[in-house]
Amino acid sequence: MTDVGDVIARTHRAEWARVVATLARRFGDLDIAEEMAAEAFATAVERWPVDGVPPNPGGWLTTTAHRKALDRVRREARREEKHREALMLSDTPEPLGAIDDDRLRLVFTCCHPALAMETRVALTLRMVGGLTVPEIAHAFLVQETAMGQRITRAKAKIKAARIPYRVPSREDLPARVTGVLAVLYLIFNEGYLASDPGQEAVRGDLTAEAIRLTRLVRALLPADGEVAGLLALMLLTEARRTARVSASGELVTLGEQDRGAWDRELIAEGHALVRARLATGQAPGRYQILAAINAVHTDARDIRDTDWSQVVALYDQLVRLDPSPIVRLNRAIAVAELDGPGVALAEVDRLPLEGYHAFHATRADLLRRLGRSVQSRAAYDRAIALAGNTAETAYLVRRRDQLPGP
């Protein structure tokens, strides 16, 4: 049973978005798509341990979900016309849009500009990423019931407005792409930052799926600099994944990572994208600047070889586009390497990020470097209390415990 359970868990990670997207295209209803996909997986839990795992698990799930959806539509039909419509839905319609990919269509549907940005992100994480409502609520720091209502209202709005399930036409793209890129980046981060035991198993495919979908968006918009920038950013970040967490499950910071374990193929592809965008001479957007920062980091053979003046200059560009406190916090971390921890601490202390664990972790490190152990310990304690996963908590505890006594 355990082996079959593992197969079902892996199949859920690999096939959830595909099954939901296929049903959404055929039936045009996100509720039906999600609920029937869930029922198909529940049926697999009952039958596969008895009947054995089918040769094509994804195909079995899609067929089972499709049959359940047809049964539901038929049950709900009140007129013969609706019944005939339900029967017609049993045939796979012709591919729609510029790219024949159901999951990309589902992303564009979830990212319709009629929905608020936070709602787009939440709906995509649920429908495409397969995250549970409690997981999404935790990511947004809201109550589970509130998040559930937000997702329900979004699906209802899509249905009521008859928002088409397709990759939009060329003239529609500008209104959609910004939201799509934001959602894809958040999906990527949900996977990349999943460092708790068990989270890698649950979300480990999210980064690969985000990269795959971003490649498809780039094929749709090959001249869009921000699409290329986001793809480069994802590749350069993903290249460091295996070095990010130690064998004992502790976070490994950039300066302590084994750079020989980085994926050089992904780094080379990311660097090529960054260089190609620089060669255009066009003003870079947010994702392009973030990709360029990561290119500087991944170009250095050792943390001591990092060109911190270039990193700070890139952050200066980013602050002009996005002067948010988190961007300024990241800039201050680079300033600490260029101008010293005292200068950086003065900048950090002006930021309104009291509830953000990275703010306190940064302060703790800067105070440690300034020899202010008592204050550093208090900052570490606050960061530990707010940390989001066990890998980061383990790192912060170790750093705190290495401080000299009072």
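Arginine 18 and glutamate 15 join their side chains in a salt bridge with an N to O distance of 3.0 Å, the term standing for a side-chain nitrogen of Lys or Arg within 4 Å of a carboxyl oxygen of Asp or Glu. The two residues are three apart in helix H1 (residues 2–27), which means that about one helical turn separates arginine 18 from glutamate 15. Arginine 18 is partly exposed at a relative accessible area of 36%, whereas glutamate 15, at 16%, is buried; buried means under 20% relative accessible area, exposed over 50%, and partly exposed in between, with a 1.4 Å probe and protein chains only.

The structure is a predicted model, in which local features need pLDDT of at least 70 and side-chain atom pairs count only at pLDDT 80 or more, while totals for chains, interfaces and linings use all residues. Residues are numbered from 1 along each chain as its sequence is written, and side-chain values use heavy atoms, with hydrogens and water left out.

## The chain as a whole

The protein chain has 21 helices and zero strands, where helices (H or I, at least four residues) and strands (E, at least two) are DSSP runs numbered from the N terminus. Of its 406 residues, 51% count as buried, and the accessible surface of the chain comes to about 19500 Å², with 52% of that belonging to carbon and sulfur atoms; these areas come from the Shrake-Rupley method with a 1.4 Å probe, and for residues only the protein chains shown count as cover.

Among the contacts in the chain with a separation of 6 or more, 63% are between residues 24 or more positions apart, a contact being heavy atoms within 4.5 Å. The salt bridges number 26.

## Helix H17

Helix H17 (residues 325–339) has 15 residues and reaches 20 Å from its first C-alpha to its last, close to the expected 21 Å, the expected span being 1.5 Å times one less than the number of residues. Its buried residues, among them Val327, Leu329 and Arg331, pack against helix H16 (308–321), H18 and H19. Just after H17, glycine 340 takes a positive phi of about 105°.

## Helix H21 and its surroundings

Helix H21 (residues 390–401) has twelve residues, and its reach of 16 Å from first C-alpha to last is close to the 16 Å expected. Its N-terminal end is capped by asparagine 389, a side-chain oxygen of which lies 3.2 Å from the backbone nitrogen of alanine 391. In H21, Ala391, Glu392, Tyr395, Leu396 and Arg399 are buried. These residues cover an arc of only 130° around the axis, which puts them on the same side of H21, the arc being that of the directions from the helix axis to the C-beta atoms. The buried residues of H21 pack against helix H19 (357–369) and helix H20 (373–386).

Arginine 399 and aspartate 365 meet through their side chains in a salt bridge of 4.0 Å, N to O. Arginine 399 lies in H21 and aspartate 365 in H19, so the pair ties together parts that are 34 residues apart in sequence. Arginine 399 is buried at a relative accessible area of 14%, whereas aspartate 365 is partly exposed at 21%. Both belong to a network of salt bridges that links Glu337, Asp365, Arg368, Arg369 and Arg399.

Arginine 382 forms a salt bridge with glutamate 354, with their closest N and O atoms 3.8 Å apart. Arginine 382 lies in H20 and glutamate 354 in the loop between helix H18 (341–348) and H19, so this pair ties together parts 28 residues apart in sequence. Arginine 382 is partly exposed at 34% relative accessibility, and glutamate 354 is partly exposed at 48%.

Note on methods
Polar contact = N/O pair within 3.5 Å; in protein donor to acceptor, adjacent residues only side chain to side chain.
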